[in-house]
Amino acid sequence: MIGDVVKRSLESPTVLISVADLLGDASGSRMPDVRAELLTETIARHVVDACPTSALTMEEHEAKISGRRHLLLNYGECIGCSRCVQISEGALLNTDKFSRCGVAKEGLIRRWDIQNRAEVMQEEPALSEAAKQIRSLLGRALNIRQVDAGSCNGCEAEITALTNPYYDLERFGIHFVASPKHADMLLVTGPVTRNMAHALKQAFDATPSPKLVVAVGACGCSGGIFCGSHAVVGPVDAVIPVDGYIPGCPPTPAMLLTGILRVLRGH
Amino acid sequence: MTTTAYGASQSTFHQAVELLRAGNARLVSLFGSVNDDGTRRVHYIIDVDDCEYRILSSAVTGPVPSLTAIIPAAAWYERELHDQYGIECQGHPDPRPLMLHENWPPDIHPMVEDALHVPLAQGEYRFLEVRGEGVCEVPVGPVHAGIIEPGHFRFSVVGDTVLHLELRHFYTHKGTEKLFEKTPAMNGAMIAESVSGDNCFAHAVAYCQAVENAYEVSVPPKAQAIRLIGLELERMMAHIADVGALCGDVGFAVPAAYNSRIKEALLRASTRFFRTRFWRGIAVPGGVTHNLSPENARELSGIVTSAAEDFAQMARSILDTPSVQNRFETTGILGREAARSLAVVGPAARASGLKLDVRHDHPYGLYREIAIDVPGYHYGDVMARARIRIDETAVSRRLICDTLERLPNGPICVPLPSSANPEGVSAVESPRGELLYWVKLREGRIARCHIKSPSFQNWPALPLAMPGNIIADFPLINKSFNLSYSGCDR
C-alpha cells in the first residue's frame, strides 16, 4: 500500500553526501594519475605503447628544443581501461581525487617532465563569456537538457544517478528539463553519430541564448573508443561549440557534479 | 554449450528453414562475414530444443532467399545484412535500409568497403501510413524528454488509442562491429563494454568467452566466480532500477527514489571492492583483472543481502498498492505467439510464457555447476514484466551469496595463445536477455565480431504490445521492456 511505501522511505536514514566530500571525488572512475617521482623514460614509453586510445603520448617536439621529454595525458581521450596503471610499476595509479571536470579543452591535458620527474604546471584557461552571463543572470538556478548524441548509455546511467538520494542534484537548484527550449545548459554525451548530428544541431539551435554546452565522457570530449569509425562524426565540438568538458568513461556522478558547478563558477 | 558447424553449402538456407519449421527451434542470429579470399558468407545461428546452438554458414555469390516471410524474427537481421554487406534477401517484405539512415548513399556497404568520409546524402524515409477517419500521427524523438537514449517512435492514433506504432532506430549506430575488426583480441573487451554501457559487464564477459572458446582456453575457477558475481550484480542493479522506474512512470515517485538508492548502494559496493562502479575493465580474455579477498567477500555478501531484502520488502509494498496494480495489469500485453514469432528473449520472453534463460539452457562458466530457477509468467503485461524482475533479483542474490561463500582460490587469469586462427561463439544471459558474441580471429586480432544483442531482438516486439493501449501508457510499456538503444544500434 502507498502508506507502507512512504513509511519505509521516511524511516530510512539519510544517505546524502556532503558537498565537501563530493567535489573533486573520483572514486570508481578508474582515471589515472602519475606519481611523478617514480616516472622514468622506460615506463613512459611502455604506458604510451599500452594506451589503446592514445590518451598517453610523449612530446617529441619538446625534446628537440630543450632535450627534455614530456609525458602527456589527455584525460579527454582516456577510457580508464587502466592498462597503463597495470604495467607502470607503480608510477601510475587509479586516482580517487580528480578535478579536471568542467574545464576547457586544453585543461584536460596534463604533462610531466620525465627527466625532472615533476608535473609541468599550466595556467587555467579563462571562463567563457556565456558562463559569465548565465552566472550573473541566474546564479546557480540552472536548467539542464541532456542530449544523447550517440552514447553507449553509460554516461546516461551516471547522469540519472545524479538525481538519486546520495547526490540529489536538486539541492543545488539544478534541474533536468524536458525540452532544449527550457534549458540553460546542454549536457551532451556520446561520440556524435552520423545519424544524430542533425538532431544535435537542431537541439542546440532550439536552446535560447545565453546557453552553455558541456561535453560529457571520453566519447563526448574526444570520440573515445569510437574515434575513427565510419558511422561517427566526432566529438561534440565537431558539431556545436562547447564551453566545458567532463572526461571519464563514464564520469562518476561526483565528477559530473564537480564539472557542472565548475563550468558555472569558472574556476 | 553444444555447437554444430555445417560446412559451406548452397542448401544452408533450406537447412535453416527446415530446422526452424520443424518444431522447437528459435532463430538466434543471422549475419554476414567476409572470407579470407574476399568472398562473402552468411551465418544462421539457431537454438534447437532450447539446448543446442547450431551454426549454419554458407558462402554466397548473389542474393539469398529471405527468411522473414516464414520467420518474422529474421526481418531486422536481413535488413542489417543488406546494409552491412550488400547481400540482398530476395522476397523480404520490408527491404528499407535499417542502420544507414538517409544521410548515407544507398550503394554503401560499410563492412565490405571503405565508408570513411562518405559525403552526406539526402533521401526520404517513408513510414507506414495509417489512413481512416480521425487517424492522427504523433512523431516522438529522436531527442526525448528524459535522460534517455535517442530513437524515433511514430504513433498512429485515434483519440488516445494507439492503432499502430512504427519504430525508427539506429540513431546511435556507431559502426561498432566494423570497429572491432583488426583490434587486438586482448583489447576487444573495451569496445564490448561500450556497446551498451548499463550492461557493460555482460557484454565484456560474452566477448571474452567467445575469444576463450575460440582458443579453447579454460578460465580459472576463481575468475569464473568473480564473473558470476559481476553478472548477477549487474542484473540486480538493472532490475531494481527498472522496478523503480516503472513506479516513476505511473507517478509513484517515492519507490522510484528509494530503488535508485538501493542501486547506488550496490554501485558504491562495486567501487569499494572492485574500484569500478559498472565493472568496466574487470573482464579480459583469459580471466579477470581484479581479485577479491575472503574478508571483502563476506562484506560484499552482507551488502548484497541487505540490498536484496530492502528491495524485496519495498517491492511487496509496491505490488500491494491498488493504483499500481490498476496501471500495471493488462497494460501492454505481448502475447506468447507474438513473442515466439519474433524470437523475443530475456525478461520480456519469460513474462509472456517463454521460459528462455541462457544460464539454464546453455550454461557457461560457473553456471554449469549451478541449478538456476527460471521464473515465468504468461500474462505478458507490464505487471508480469515487473514481477519477473522482482523474482529474478531474489535469484541473483542467492547466486551471489552462494558464490561468495564458496569462493575458490587460485589464479584469476591465464594467458591466451595467439598463433591459431579460430572462430568462437558464446552467449550470456544479460539483464535484458540472450546476448551472443561470434568472433573470428586472425593472428591475435579480431577479423570479425558479430553481436546479437537482446535489444535488437526485442525492439520489434514493442509495437505489438501497443495497439489498443492509450498513448499516455507508452512510456510505462516501453520502460517495462527497458531495451537499450545503443545495444540495438551498435
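Which domains does the domain assignment of chain B give?

Reply: The domain assignment of chain B gives domain 1 (2-90) and domain 2 (176-462), where the bounds come from an automatic or database domain assignment. The model is a predicted one, in which local features need pLDDT of at least 70 and side-chain atom pairs count only at pLDDT 80 or more, while totals for chains, interfaces and linings use all residues. Residues are numbered from 1 along each chain as its sequence is written, and chains are lettered from A and ligands numbered from 1 in the order in which they are written.

The confidence values come next. The model scores ipTM 0.94 and pTM 0.95. Chain B has a mean pLDDT (the predictor's confidence in each residue, from 0 to 100) of 93, and 98% of its residues reach 70 or more. Over residues 1-9 of chain B, however, pLDDT stays under 50, and the model has 18 contacts beyond four places in sequence for this stretch.

The C-alpha centres of domain 1 and domain 2 of chain B lie 26 Å apart. Between these domains, 16 residues of domain 1 of chain B are in contact (C-beta atoms, placed from the backbone, within 7 Å) with 14 residues of domain 2 of chain B. On the side of domain 1 of chain B that touches domain 2 of chain B, the elements giving two or more residues are strand 2 (25-34), strand 4 (52-60) and helix 2 (75-85) of chain B. Helices (H or I, at least four residues) and strands (E, at least two) are DSSP runs, numbered from the N terminus. Strand 2 of chain B supplies the largest share of that side, six residues. The residues of that side divide into 11 nonpolar, three polar and two charged; here Ala, Val, Leu, Ile, Met, Phe, Trp, Tyr, Cys and Pro count as nonpolar, Asp, Glu, Lys and Arg as charged, and the others, Gly among them, as polar.

Within chain B, helix 6 (residues 221-249) and helix 7 (residues 253-274) have axes that come within 7 Å and cross at roughly 165°. Axes are lines fitted to C-alpha atoms, for helices over the stretch in contact, and angles run from 0 to 180 degrees between N-to-C directions. Helix 6 and helix 7 of chain B are therefore roughly antiparallel to each other (over 145 degrees; under 35 is roughly parallel, 65 to 115 roughly perpendicular and the rest oblique). Their contact includes L233(B) and I240(B) of helix 6 of chain B, with Y258(B) and L266(B) among the residues of helix 7 of chain B. By class, the residues of this contact are 15 nonpolar, five polar and one charged.

V5(A), V6(A) and S9(A) of helix 1 of chain A make the contact with V254(B), P255(B) and Y258(B) of helix 7 of chain B. The contact has five nonpolar, one polar and no charged residues.

How values were computed. Contact = placed C-beta atoms within 7 Å.
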